[in-house]
Amino acid sequence: MGIDLKAKPFFLQDKDCQWVEKTLAGMTVSQKVSQLFCVLIKDEPVASMMQKMEALDFWPGSFMTSPLSSKDVASNFRKLEERARIPLLFACNLERGGDGICSEGTLFGTQMQVAATNDTQWGYELGRVCGEEGLALGSNWNFGPVLDIDTNFHNPITNTRTFGSDPEKVLSFSRAFSKGLMDAGMAVCLKHWPGDGRDERDQHMVATINDCSVEQWDATYGKIYKTLIEDGAQSIMAAHIMVPEYSRELCPLIKDEAILPGSLSYELTYTLLRKRLGFNGLVVTDATTMAGFMQAMPRKEALIKAIASGCDMLLFTVDLQEDFQSVLDGVKNGMVSRERLDDAVTHILALKAHLKVHEKPLPAKKFSLDPLHLEEHEKQARKCADQAITLVKDTQFLLPLSPCKHKRVLLHVLGDKGGYHDPITNTSVHFRHLLEKEGFVVTVFDARDASLLPIGNSVESMTARFDLVIYYASVKTSGSDTVSRITWAAPGGCSTPRYINEIPTMLVSVDSPYMLLDVPRIKTCINGYTPNIYVIEAIVEKLMGRSPFVGVSPVDPFCGLFDARL
């Protein structure tokens, strides 16, 4: 297929090109196939992983770590690099800060929170913080930014992971994030090719559909990817998402059953991405453990198909030995040509050379998070939160709050149980403590507590006890859930907002910005976009009137509903 190692995005010098060519020439077929895998570090100790790989003579080109302690992350990377025959790509999932690589990392803010500042400098800062904290622990490759456009508020997985629903805003903030990350010294990986946010389903569960016409895709997703490619993005993640209209455009005779997601589609990943958009960098699949990948065809065929269709690297394994053997068999029987294998491995080696990992061995450097650096990142995160929090509406002119007027508060907690992409729980506890510190008397609603229910059906029994009702929402996707909606503790009583005309009621959401879909008639609504302490503390400052609301919603928080605006 041809790779220009001296061109964008690698810009290799002669000596780097020679290293790539010499390394490739010295590899066996088995070693080349090993390079095609990025293996997850999560539940199994690295020492045990290495024993299995040594027994198979399998040494992958990359490892990705789940968030562990910073000590464990750095130690794991060092052990793996010391045993590797070829320098490694160490990947992580930094979308909203250093918490994506380790438990001590800064949860700076989601992409949507950053976009709500309406200032791309915060996009750059998010990328910089991600890059600096990832690099400090030995990572050199980040799976981000997310380039998806959140046009469907029912989508349970894009949501606050995106920069919003406006393609131009997604483009400008993605460029800023990428620049910040690359300036810090890490490689970016744009995702999720060919573009999520249109379907209301989750590609973790099923191959999803981007229903754009060719013209729509070109003007939105295509424009975003093309611009970031021209900016020098080093890699792209091919996801389990179909674009049927583009597949039909590129393959006029294609049958519906032959339309495949980007991770398996030759016409999308090679013809469109490589040829039309001119991408010369590395393509990695999204997780091959996802149902969206495995439902398309038998796993063995899918692994081979992904490489044959233009993907250079496979993300994760189900059974390491089986997956390795499947791809090896695919090469030996010609389903993956030797030319395509060499092309894929060359892309992988070129990214390594671009990052100079062959010149600066990992063990020579001490990796750890700098406490002073983390303190500076925290200060920036607080500023970002202050500028992002959005007053969606206050048609009852409730704000600012006062413990003199609204002293007795009934607090309803919605969600706050963590999720697949965000394990953070119980953030409402901090919110409650801050309100109590301000002088409010806060009662947390419990549907099992009869004393909190109306006496009989008396409305006055509620108005006599409470001056303010706050619904605190931290609702997110949780892996098996396919919607991000409010689940009520009980349909009656005072679980649902039945007393909004008798008791001042407000909604505070620190996750999904679309909660008004389920409580449209609540007259005061605030969106914070990130469940971190910086957002929660800034919200309370604004509730008390000590700080103005300046955030601008990157999406339609009213979900197109007229009654949600009332």
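This is a predicted model: local features need pLDDT of at least 70, side-chain atom pairs count only at pLDDT 80 or more; totals for chains, interfaces and linings use all residues.
I533 is partly exposed, with a relative accessible area of 41%. What does I533 touch, once its neighbours within four places in sequence are left aside? The contacts are R382 and H430. As for K379, it is 154 residues from I533 in sequence, while the C-alpha to C-alpha separation in space is 12 Å.

Now the helix packing. I have two pairs to show.

Take helix 3, residues 46-56, and helix 4, residues 70-83: their axes are 10 Å apart and the packing angle is about 20°. An angle under 35 degrees counts as roughly parallel, and helix 3 and helix 4 are therefore roughly parallel to each other. The crossing of helix 3 past helix 4 is right-handed. On the helix 3 side the residues that meet the partner are V46, M50, M53 and E54, and on the helix 4 side they are N76, K79, L80 and R83. Sorted by class, this contact of helix 3 with helix 4 has four nonpolar residues, one polar and three charged.

The second pair is helix 7, residues 167-184, with helix 8, residues 214-230. Here the angle is about 20° and the axes lie 10 Å apart. That makes helix 7 roughly parallel to helix 8. Helix 7 also passes helix 8 in a right-handed crossing. Which residues make the contact? From helix 7 they are P167, E168, V170, L171, S174, R175 and S178. Helix 8 supplies T220, K223, I224, T227 and L228. The classes in the contact of helix 7 with helix 8 are five nonpolar, four polar and three charged.

Last, the cysteines. How many disulfides does a search of the whole structure find? The search returns zero. C38 is in no disulfide, and the nearest cysteine sulfur to it belongs to C189, 9.6 Å away. Is C38 buried or exposed? C38 is buried, at a relative accessible area of 0%. For C130, the closest cysteine sulfur is in C92, and because the distance is 8.2 Å, it is too far for a bond. The cut-off for a disulfide is sulfur atoms within 2.5 Å. C130 counts as buried too, since its relative accessibility is 0%.

That is what I have on these regions.

Notes
Residues are numbered from 1 along each chain as its sequence is written. Side-chain values use heavy atoms; hydrogens and water are left out. Axes are lines fitted to C-alpha atoms, for helices over the stretch in contact, and angles run from 0 to 180 degrees between N-to-C directions. Helices (H or I, at least four residues) and strands (E, at least two) are DSSP runs, numbered from the N terminus. Angles under 35 degrees count as roughly parallel, over 145 as roughly antiparallel, 65 to 115 as roughly perpendicular and the rest as oblique. A crossing is left-handed if the near helix is turned anticlockwise from the far one by less than a right angle, and right-handed if clockwise. Contact means heavy atoms within 4.5 Å. Ala, Val, Leu, Ile, Met, Phe, Trp, Tyr, Cys and Pro count as nonpolar, Asp, Glu, Lys and Arg as charged, and the others, Gly among them, as polar. Buried means under 20% relative accessible area, exposed over 50%, partly exposed in between (1.4 Å probe, protein chains only).
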